[in-house]
Amino acid sequence: MKVAVFSTKPYDKNALGHYDNDEVDLTFLEVPMTVASAHYAQGFQAVSAFVNDDLSEPVLSQLKGYGIELVTLRCAGFNNVDLAAAKKLGIKVTRVPAYSPYAVAEHTIGMMLALSRKIYKAYNRVREGNFSLNGLLGFDFYGKTVGIIGAGKIGLLVAKRLQAFGCRVLVYDPYLCESCAAEGFEQVPLDELYAQAHIISMHCPLTPETTRMINNESIAKMRQGVMIINTGRGALIDTKALISGLKTRHIGYVGLDVYEEEGPLFFEDHSDDIIQDDHFERLLTFPNVLVTGHQAYFTHEALEHIAETTIENLMAFKYQRPLTNEVPFK
Ligand code: NAI
């Protein structure tokens with residue numbers, strides 16, 4: 001089966017390259033999937049795509065025209081796919097449901113600690129021979145209340161790790177969290193979480209209900225000086241509202257691994273470019289904002305798992321076995 005693998009970087013090629021054989025003939029393309037690049041899929045039976053690839057209706061229609069019947073995502077989130085269009089066109093969509101929830105949870109904790117103890121500032125100061133502690137005052141996690149939005153695989157791992165620090169853990173999830181009570185996490189209404197948490201961490205999927213759930217209204221319900229961490233999806237947060245909250249100091253700390261408009265920026269070197277996104281650039285001017293470029297998942301273990309599962313998904317499709325990782329269409 002001939003597969004066009006879009007948005008590949010050297011590290012993807014390394015991980016997936018081991019599996020490139022007669023059964024699954026992989027062609028690595030650096031270009032992202034867009035309306036303009038979808039024509040590269042001509043002559044292939046399946047395509048593989050990543051988080052910021054465009055799989056909207058016009059792209060899927062083009063793919064269908066080239067005979068593509070499978071889109072296999074190398075990520076867990078599928079908010080970039082028009083599932084209704086895929087269904088209508090008869091294109092199957094599979095994903096990697098969990099590659100390393102540990103990787104994302106650990107990065108999340110890393111961001112929290114880096115912000116609270118200002119490690120990113122200390123790193124630069126000490127390298128310049130400046131050992132002054134002025135401006136580096138942190139706070140203990142012990143005894144603080146954290147709010148986890150989305151009690152899934154990643155959210156619960158973050159919750160466990162924060163519990164080990166001595167935090168009180170509140171979770172919000174529209175579905176009953178069966179393990180929460182036994183673990184000592186309190187499942188609460190969203191407004192209660194907003195009102196009580198010193199640290200709020202986003203781990204729900206991006207859906208129409210969760211899009212921009214962190215906005216002016218929800219920020220107004222939060223504690224003064226709250227820390228907001230987002231390693232979920234950028235559009236969970238209304239960036240303009242975040243900037244306003246930072247300017248008034250209502251928000252004390254922000255850690256983002258994902259950004260609403262990350263598509264044109266992330267995963268590429270723009271160090272010689274003039275970045276045109278003024279909201280993104282404004283965010284970077286705050287001394288209490290830490291941004292990483294969608295790297296929470298990026299560990300050896302996760303890349304191996306992504307490669308293995310992607311190949312399993314392709315083989316299942318090729319041999320018409322049940323697609324256990326098919327994206328559910330609701
Ligand atoms: P999961 O599916 O195990 O958990 C998601 C949880 O969110 C579920 O418990 C679900 O009930 C809950 N949820 C659904 N709607 C909600 C709502 N309206 N409000 C609050 N909770 C809601 O997913 P997992 O593996 O924990 O991943 C979570 C998200 O993390 C993914 O959807 C993805 O967007 C993001 N992610 C980010 C990565 C990164 O590198 N930054 C890597 C992997 C995932």
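**Cavities, pockets and the parallel sheet**

The second largest cavity has a volume of about 40 Å³. Here a cavity is a set of points, on a 1 Å grid over the protein atoms alone, where a 1.4 Å probe fits but cannot get out; grid points are joined across faces, edges and corners, and a volume is the space filled by probe spheres set on the points. The structure is a predicted model, in which local features need pLDDT of at least 70 and side-chain atom pairs count only at pLDDT 80 or more, while totals for chains, interfaces and linings use all residues. Residues are numbered from 1 along each chain as its sequence is written, and side-chain values use heavy atoms, with hydrogens and water left out.

Lining residues, those with an atom within 4 Å of a point, are Asn-230, Gly-234, Ile-237, Thr-239, Leu-242, Leu-256, Val-258, Tyr-259 and Glu-260 for the second largest cavity. They divide into 5 nonpolar, 3 polar and 1 charged, where Ala, Val, Leu, Ile, Met, Phe, Trp, Tyr, Cys and Pro count as nonpolar, Asp, Glu, Lys and Arg as charged, and the others, Gly among them, as polar. In total there are 2 cavities of 30 Å³ or more. The largest cavity, with a volume of about 70 Å³, is lined by Asp-12, Ala-15, Leu-16, Phe-50, Arg-74, Tyr-297, Leu-303, Ile-306 and Ala-307. Two or more of these residues come from each of α1 (10-17) and α12 (300-318); helices (H or I, at least four residues) and strands (E, at least two) are DSSP runs, numbered from the N terminus. The lining of the largest cavity has 7 nonpolar and 2 charged residues, and no polar ones.

Pockets come next; a pocket is an open set of points with protein on both sides within 12 Å along at least five of seven lines. The largest pocket has a volume of about 1600 Å³. Its lining holds 48 residues, with Phe-78, Cys-204, Pro-205, Leu-206 and Thr-207 nearest the centre. Of the elements, α6 gives the largest share of this lining, 3 residues. By class, the lining of the largest pocket comprises 28 nonpolar, 13 polar and 7 charged residues. Domain 1 (2-99 + 300-318) and domain 2 (101-291) each supply at least three residues to it, the domain bounds coming from an automatic or database domain assignment. The second largest pocket has a volume of about 320 Å³. Val-51, Asn-52, Asn-79, Glu-260 and Glu-262 are the closest to its centre among the 16 lining residues.

The strands complete the picture. An open sheet of 7 strands has the order β8-β7-β6-β9-β10-β11-β12, with parallel pairing; two strands pair if DSSP finds at least two bridges between them. β8 (186-187) and β12 stand at the edges with a single partner strand each, so one side of each is left without a neighbour in the sheet. Strand β11 (residues 251-256) has 6 of its 6 residues buried, that is, under 20% relative accessible area (1.4 Å probe, protein chains only). It is joined to β10 (residues 226-230) by 5 bridges in the parallel sense, and Val-226 has Ile-251 as its bridge partner. Between β10 and β11 the chain passes through helix α10 (residues 239-247) in a right-handed β-α-β crossover: with the strands pointing away from the viewer, the path from the first strand over the helix to the second runs clockwise.

How values were computed:
Buried < 20%, exposed > 50% of the residue type's maximum accessible area, 1.4 Å probe, protein only.
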